[in-house]
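Please read the numbered points below with the sequence and the structure open beside them. Each point takes up one topic.

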Amino acid sequence: MSTELVIYCDESESKGRFYSNFYGGLLIRASALQVVSTGMADRKNDLGLRAEVKWGAITPSVEGRYCELMTDLFGYLGDGSVKMRIMFTQNRNVPDLTLEQRSNTYHLLYYQFVKHAFGLEFAGAPPVSTRVRLLLDRMPTTAEQTQQFKSFVTALSHQPDLRRAKIEFPLDHVGEIDSHQHILAQCLDVVLGSMAFRLNDKHKDKPEGARTRGRRTLAKERVYKHINSLIRELQPGFNIGVSTGMHDGPASRWSQPYRHWLFVPRNATRDDSVTKKGKTP
């Protein structure tokens, strides 16, 4: 006997002005997937959003409808149906990496995100095993690199904490998807994009030669502010640029509906010239 968790994963902005390597995940129990996915897809259609929902598609004409869709999404976070995690790095923390590690940074960070972001070691209910289905947006890597990554993820089943919790990552449960076919992956893209937008000060951008910000930038800022307000309803005192506090100890990584994780590499050196105070974009 087993239960199943489904995690949609996405990534954005590998090199930003101040923050980089954005990874996002949306977790839902397989038993609730059909109800939530259908509910969100129906809501999208009711709002007249015919094209794929994504952060880059926000304009003044759709911003209000995107805000309504995000309200529905966070309703599912509020009732415990969905959990969401966002991980990112700060450019001032410069990792000391070997050449091999640099070439594999994308997958190494993805692995850390999958392993730690949701606190899966607290999700198990032994003696019942819990299988994890990992649905990744198409990876910008070679087939060989992607297959190797999938093998590493599968090996997480043997990590002591996860093994004790009977968390399993079957190889045939790790796959790539076309986000156009998955409304929850599309919604994740919007939240992930909004965080990269705000943390890298893109809300301040002006078209070349213009004195004021563009209409699309203003529309995106309003959508971000709406998402931020929804997060604050779940996490009062939420701070976008730091790891979310763990009020219930390490188990908070599983129990909290929404969390940020500022990933700081080991043996990193600090370069304040690339902080918001030290660098002019």
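Leaving aside neighbours within four places in sequence, which residues is cysteine 187 in contact with?

1. Cysteine 187 is in contact with Met40, Leu69, Met70 and Leu73, its neighbours within four places in sequence being left aside. Contact means heavy atoms within 4.5 Å. The residue lies in helix α7 (residues 183-199); helices (H or I, at least four residues) and strands (E, at least two) are DSSP runs, numbered from the N terminus. Cysteine 187 is buried, with a relative accessible area of 0%. Here buried means under 20% relative accessible area, exposed over 50%, and partly exposed in between (1.4 Å probe, protein chains only). From cysteine 187 to glutamate 121 there are 66 residues in sequence and 26 Å in space, C-alpha to C-alpha.

2. On the basis of the model: this is a predicted model, in which local features need pLDDT of at least 70, side-chain atom pairs count only at pLDDT 80 or more, and totals for chains, interfaces and linings use all residues. Residues are numbered from 1 along each chain as its sequence is written, and side-chain values use heavy atoms, with hydrogens and water left out.

3. On the whole chain: the protein chain has nine helices and nine strands. Its radius of gyration is 19 Å, close to the 19 Å that the globule rule gives for 281 residues, so the chain is as compact as a globular protein of that length. The radius is taken over C-alpha atoms, and the globule rule is 2.2 Å times the number of residues to the power 0.38. The C-alpha trace spans about 60 × 50 × 40 Å along its principal axes. Of the 281 residues, 48% count as buried. Among contacts between residues at least 6 apart in sequence, 76% join residues at least 24 apart.

4. On glutamate 221: this residue has its place in helix α8 (residues 215-234). Is glutamate 221 buried or exposed? Glutamate 221 counts as buried, because its relative accessibility is 12%. Not counting residues up to four places away in sequence, glutamate 221 touches Phe197, His203 and Arg213.

5. On the second largest pocket: about 170 Å³ of space lies in it. A pocket is an open set of points on a 1 Å grid over the protein atoms alone, where a 1.4 Å probe fits, with protein on both sides within 12 Å along at least five of seven lines; lining residues have an atom within 4 Å of a point. Grid points are joined across faces, edges and corners, and a volume is the space filled by probe spheres set on the points. The lining includes Arg85, Phe113, His116, Arg259, His260 and Trp261. Two or more lining residues come from each of β3 (82-90), α4 (105-116) and β8 (258-262). The largest share, three residues, comes from β8.

6. On the backbone: most residues other than glycine have a negative phi, and most peptide bonds are trans. The peptide bond from proline 126 to proline 127 is cis, with omega near 10°, and proline 127 is found in the loop between α4 and β5 (129-137). Glutamate 13, in the loop between β1 (2-12) and β2 (19-29), has a positive phi near 45°. Lysine 166 also has a positive phi, near 60°. Lysine 166 lies in the loop between α6 (160-164) and β6 (167-168) and is partly exposed, with a relative accessible area of 33%.
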